[in-house]
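Subject: Structure for your files, with notes on aromatic contacts

Dear colleague,

Here is the structure I said I would pass on. My notes come after it.

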Amino acid sequence: MRQGRVGHFGRAVVLAFWAWAVVGCGEKSADPVLAKVGSQPITLSQLRAFEQRLPPGLKTRKTGEAATMDYLQTLIDKEVYLQEARKRGLDQDPAFLRQVQKEHIDHVLKVFFDQALEGKIVISPEELQAHFVKTQRDRAIRVREIVVENQQRAEEMLRKLKAGADFAELARKNSLHQPTAERGGELRGYSRKDEVLPFFREKVFPLKKGEFTPPITLPNGYSAIFQIMDEKPVEMESVRNVLEGELFQDKSAAMMATISEQLREELHLRPDQAAIQALVEKIGGGAEDFSPAERAAVLYQFDGGQITAGDFLDLALEMGLNAVRARPERVLWFANQVLAPRMLCLASARKAGLDKDPATADWLARRTESLLLQALRRSEVADQVRIGETEVRQFYTQRPELFVPLTTLTVQELLVKSEEEARAFRERIERGEDLGKLAEANTLRAMGKLDQGKFHIHSFESAEYGELFEAAREAPVGQLMGPLAIEVPPGQLLGSGQTVNNRYFSVFKLLDSTGGKDPEPFDKVAKRAEALLRRDLENRIAERFRTDLLRQYEAQITINKENIVALQGK
């Protein structure tokens, strides 16, 4: 053994430390020790698992021993950060412990329901056909639009249309959306119900051919009138996944409700009406603070456990229910229909040992480390950034190209459930496979499914597409990007089943973008400018923090050079 430090290497792999907050670590086993931080070993299996989890864009270009040393440095960084976080007591912080407990419970409940529902839900062809017609997925529509600055202007367009004016001519002369105005307001192609935004599904899709909507306020504040120009039938096979997904969710919810009712009887759930009424009255009176004794009040008892007012308050806070302002009937509903079923299912899961299952224990260990790394980043990086309007304005002035308005982004995307899957697809594309063909066969996003994963994102849709819009607007045209972790609303998906927090992974290319040449006014982009500046400052602070911390831990880092050299011959 010899003592030392791995030298500095590519910034991309260094910054991959923060990816540990999402990726986690590999399993530990009795295999060659490559390094130690204090008494904590870093083994070959951990290094190999880390290398496999890295997206292609973050993998080192080096080979052999140099590549091993690069990845080993990132693992050393991670272990140093974890030890520092524990040294500071972040792993004992009450908020951190509550978060770990919450995620552990959520995971145990997910495993419980996955096991309870496995193989028990069947969807018949007749149910599928009926849902296909009922949800209007049996048609695709071709639409045109007139986009104007406000409701009053839209009502003026509506009066002219009702008086017999030509829709296309009005669009050419008045619509603010230039790409469609030039085509008489026509949007490209036919759209299925799952390929459009919620407001479009609700207000445009129910119309018949030739009908037009009243003025609709768009997400960007503009107003628009839409008309259905034509429609055509859709083959059920093209939307089978989304139909099955919705029916599966409906049947799952019904079966979970049945399981909850069975547990009420099996575990003999017994409400304490006096305690429940006392909670209702205290919340109804506007109380914000509850004493330990009030939190300990037992609302329900069941065989093997109890449910307290503290359980109610904690779950209500976690789920965003403003208990202080909740109406009495809302409090009663939450206690009886949400809290009690959840606690009974959790008790049943624990009785079955699911909370101590080896797979769950392994998941919890990895997730706890991820949360600890996030806590350290917040305390030493994110919380250290202090910026005001002066700094934001200066950033806006120095980087005007970031704030040029984009009317439309044309994106080609392959969306999947896991980072591993996304990384595998990216590697296949980099080896020469066609992104479009892979997207048509595998993408989970409804938009663009039938067009090789291609679709348009208009500026007024930026909120709907969130992280994808922000990443695409900064991406070089034609360059393969991702995997990018993004949140996708259920309405944009074709695949059955949901991921945790609706998080998915996107591999995409920006094919084209259109927009103005001058930056938008500062007042309009101030929030985005602040977010971009904050991200830039956080990255700088993170790099300084890493350098300082490694210097402090240098004497505790031991590299087993002999084992590393021995690997190269295998």
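Predicted model: local features only at pLDDT ≥ 70, side-chain atom pairs only at ≥ 80, totals over all residues.

The structure contains 12 aromatic pairs. One of them joins Phe395 and Phe403, with 6.4 Å between the ring centres and 85° between the planes, an edge-to-face arrangement. Phe403 also pairs with Tyr396: here the centres are 5.3 Å apart and the planes meet at 45°, so this pair is tilted.

Are Phe395, Tyr396 and Phe403 buried or exposed? Phe403 has a relative accessibility of 0% and counts as buried. Phe395 is buried as well, at 8%. Tyr396 has a relative accessible area of 16%, and because the cut-off for buried is under 20%, Tyr396 falls in that class too.

Two lysines sit over aromatic rings. Lys232 lies over the face of Tyr190, 4.5 Å from the ring centre. In the other case, the charged end of Lys282 is placed over the ring of Phe290, at 5.2 Å from its centre.

Regards

Notes:
Residues numbered from 1 in each chain as written. Heavy atoms only, no water. Phe/Tyr/Trp six-rings, centres within 6.5 Å; stacked < 30°, edge-to-face > 60°. Buried < 20%, exposed > 50% of the residue type's maximum accessible area, 1.4 Å probe, protein only. Lys NZ or Arg CZ within 6 Å of the ring centre and 35° of its normal.
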